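Subject: Structure for you to look at

Dear colleague,

I am passing on the structure we spoke about, and below it I have set out what was found when it was examined. Please read the notes with the structure open beside them.

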Amino acid sequence: MKILVAVKRVIDYNVQIRVKEDGTGVVTDNVKMSTNPPDDNAIEEAVKIKEAGKATEVVAITVGEQKAQETVRKALAVGADRGIHVKVDGILEPLAVSKILQKVVDKEKPDLVFMGKQAIDDDCNQTGQMLSALLNWPQATFASKIDVKDNKLEVTREIDEGLETIEINVPAIVTCDLRLNEPRYASLPNIMKAKKKPIEEIAASDLGVDVSPRLEQLKVEEPPKRKAGIKVANVAELVQKLKNEAKVI
Amino acid sequence: MAVLLIAEHNNKELRPFTLNAATAASQIDSDVHAVIIGQNSADAAKQLSELPVVKKVLSVEGAHYENFTAENFAPVIVKLAENYSHIVCSANTFGKNLMPRIAAHLDTSQVSDIIKVIAPDTFLRPIYAGNAFATIKSNDAKKCVTIRPTSFDPCESTGGSAPIEKVDPSEEFSNTKFIKREEIKSDRPELGTARIVVSGGRGMQSGDNFKLITEIADKLGAAIGASRAAVDAGYISNDHQVGQTGKVVVPDLYIAIGISGAIQHLAGMKESKVIVAINKDGEAPIFSVADYGLEADLFEAIPQFMEELNKLNTIQK
C-alpha cells in the first residue's frame, strides 16, 4: 500500500497573528512558519502504518511557493520516503489545490491520501473532501483512529455528537484530527538523512490545472476588541456582579 | 434564483442549527428552499415545512441516507443545484464534511464558516482561528456557503406551511459503509447551545477535580466545557472541548476556570456575552477577554463560588 500525504506551510500556531494595516492580509514577513499541525498527524499516521508493515511507501507532497518545500523536508525527516513539490506562487484556493492533487494522484496512483482536516491559516476545511469528490473516492474526515484491514480502513471520526465509525474501501482519502496520534520529533541523524532523500519538483503549469482564484479577498481586518473587563476582589463580589450587573445568573 | 438550504436532522427531528442556517439563507435571498435527505424522515420534513422562512421543502428518502454519509448526499444536491444560486448549510461537522464534496462537483470555490452576509456574493468569515476577519466576494456562478451557526439567530420554528415535494434518490455509493455512532448522552444542556457554559482547564490538575466543575454546572443548569489542554491531559472527554479544534460556543455566560486562554481556546469562546475567568496567574491571557476576572486559587474559589450560589435562590434556568 502506498500513502500520499499532503502538507501545507502555514504561520506557526504559536505566533500571534497581526493584520496588515492596509487590510490586504496578515503579516507573514519575518514570521515563523511551520507545517500545518494536523498535517503532522497525517504524516505520523502514514509512517506508523508503514512501520507496522502495512504500507510500502510514504510520499509527502506540498503545493506552494519555493519555501513550502521545508514542510516536505520535515516530513522526510520523520519517516516519509520521498517528496513532491508542486511549485506555484500566489493565492491558492482549496479547489485549485485539490485539482493539482488529483493530477498527482493520477500519476502516482497511491492507495491512500492523508492530510490534516483543516489548515490553521484560512481555516477552510475543504481540500480533502474536494479531492475525494474529484476522484470519486470515499472520504473519512476528522479521523481520530485508523485501523488498516487489508483493502479497507476502519476509521473513527470526531463528529459534533460524539464519535462515528465508518469502513471505507481503498483507494480513499482520510483527513486527520489532532487526536489521531502524537507526532514524533525528527532526530538530528534523521534530519541529516532526510537531506539525501529525493524531492521531485513539478511546475503547476505543467499539470494543466487552472489555479486562478475564484474568490476575491476584499479586506482583512482585526476582529472587534472586547471592551476591557474588571478584576474582582473576591468570589462574593463576582457573584454579586453576575447577579446584579450582568444579570446572567 | 432561490437559495437551497441543506437541513440537518436525525431522521426524527431537525437538529437545532438548521434554524440558524435557515436565517443565514434568508439573508442571502428571501426565496429559500430546503432539502432534507434521510430515511423515514417525514416528521423532520414536516417540521422543516413549518419554518416560515422556508418556501418549499424537497424531501429525498432512501435506506442509504439513514446515516448522513456525504458520499451519498452530495450527488442528490449536485443534481438539484442547477435550479439554485446558492447552497447553504451549517459549518458544523455535518456541513464541513458534506459541502466541499458538493462544491468540487459544481466546480465552485466554497466560502466556509461565514459569520455575516454582507451581500448575496460577499461574506465575512474568520480566518486564523478568529484572529482576523476576511471579507470575501465569490465570483462563481453558484455559491457554496457554510455558516457558523452561533453567528446567526435561529429562525421562527412555527407558522409556515411550505409544500413538501418528493425527489428521487440517487444511487448508493458502495465504497463507504457506516458502522456505528456513539453519541454522548447527557441530561445537561448541549455545549453548542447552552445559555451558560462552565469550563475547566489544565489548572484543574486531575479528572477527579473536574467534579468541582460539574457541581457548579449542575447548580447553574450549565453545559461543561474544557480547554484542549484539559482534554489532552485526559481530565475529560474530547466532546467537551471548546476552541478552534473543538466547539465554538456563544453562551450568555462563560466561566473559564483554570484556563490560561491559549489563542485556540479563545477562538472558541470569545464571542460569549459575559466572560468570567478564575485563574491564579494574574498575567494569564484569559483575563484580556474576561468581563470579570478573579485572580485566585481555584481550589479555594470554587467552594466559595458554590457557597455564594447556594445563597442565591433565584438562579434563572
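Which strands of chain B does helix α3 lie across, and at about what angle does it run to β2(B)? Please keep in mind throughout that this is a predicted model. Helix α3, residues 70-80 of chain B, lies across β1, β2, β3 and β4 of that chain, and its angle to β2(B) is about 155 degrees.

Those strands belong to an open sheet of seven strands in chain B, which has parallel pairing and the order β5-β9-β4-β1-β2-β3-β10. The edges are held by β5 (111-114) and β10 (164-166) of chain B, each of which has a single partner strand, so one side of each is left without a neighbour in the sheet. On average, and with direction ignored, neighbouring strands of this sheet are turned by 25 degrees against each other. Helix α1 of chain B, residues 17-28, also packs on the sheet, where it touches β1, β2, β3 (54-61), β4 (84-90) and β9 (143-147) of chain B, and its direction makes about 150 degrees with that of β4(B).

Within the sheet, strand β1 (residues 2-6) and strand β2 (residues 32-38) of chain B run parallel and are joined by four bridges; Leu5(B) has Ala34(B) as its bridge partner in β2(B).

If neighbours within four places in sequence are left aside, the residues in contact with Val88(B) include Val3(B), Leu4(B), Leu5(B), Ala21(B), Val145(B) and Ile147(B).

As for the two domains of chain B, their centres, taken over C-alpha atoms, are separated by 32 Å. Five residues from domain 1 and seven residues from domain 2 of chain B take part in the contact, and on the domain 1 side the residues divide into one nonpolar, three polar and one charged.

Chain A, finally, has six helices and 13 strands, and its C-alpha atoms fill a box of roughly 65 × 45 × 40 Å along the principal axes. Of its 249 residues, 47% are buried, and among contacts in chain A between residues at least 6 apart in sequence, 69% join residues at least 24 apart.

Definitions and conventions:
Residues are numbered from 1 along each chain as its sequence is written. Chains are lettered from A and ligands numbered from 1 in the order in which they are written. This is a predicted model: local features need pLDDT of at least 70, side-chain atom pairs count only at pLDDT 80 or more; totals for chains, interfaces and linings use all residues. Helices (H or I, at least four residues) and strands (E, at least two) are DSSP runs, numbered from the N terminus. A residue is buried if 20 or more other C-beta atoms lie within 10 Å of its own, exposed if 12 or fewer, and partly exposed in between; C-beta atoms are placed from the backbone. Two residues are in contact if their C-beta atoms, placed from the backbone, lie within 7 Å. Two strands pair if DSSP finds at least two bridges between them. Axes are lines fitted to C-alpha atoms, for helices over the stretch in contact, and angles run from 0 to 180 degrees between N-to-C directions. Domain bounds come from an automatic or database domain assignment. Ala, Val, Leu, Ile, Met, Phe, Trp, Tyr, Cys and Pro count as nonpolar, Asp, Glu, Lys and Arg as charged, and the others, Gly among them, as polar.
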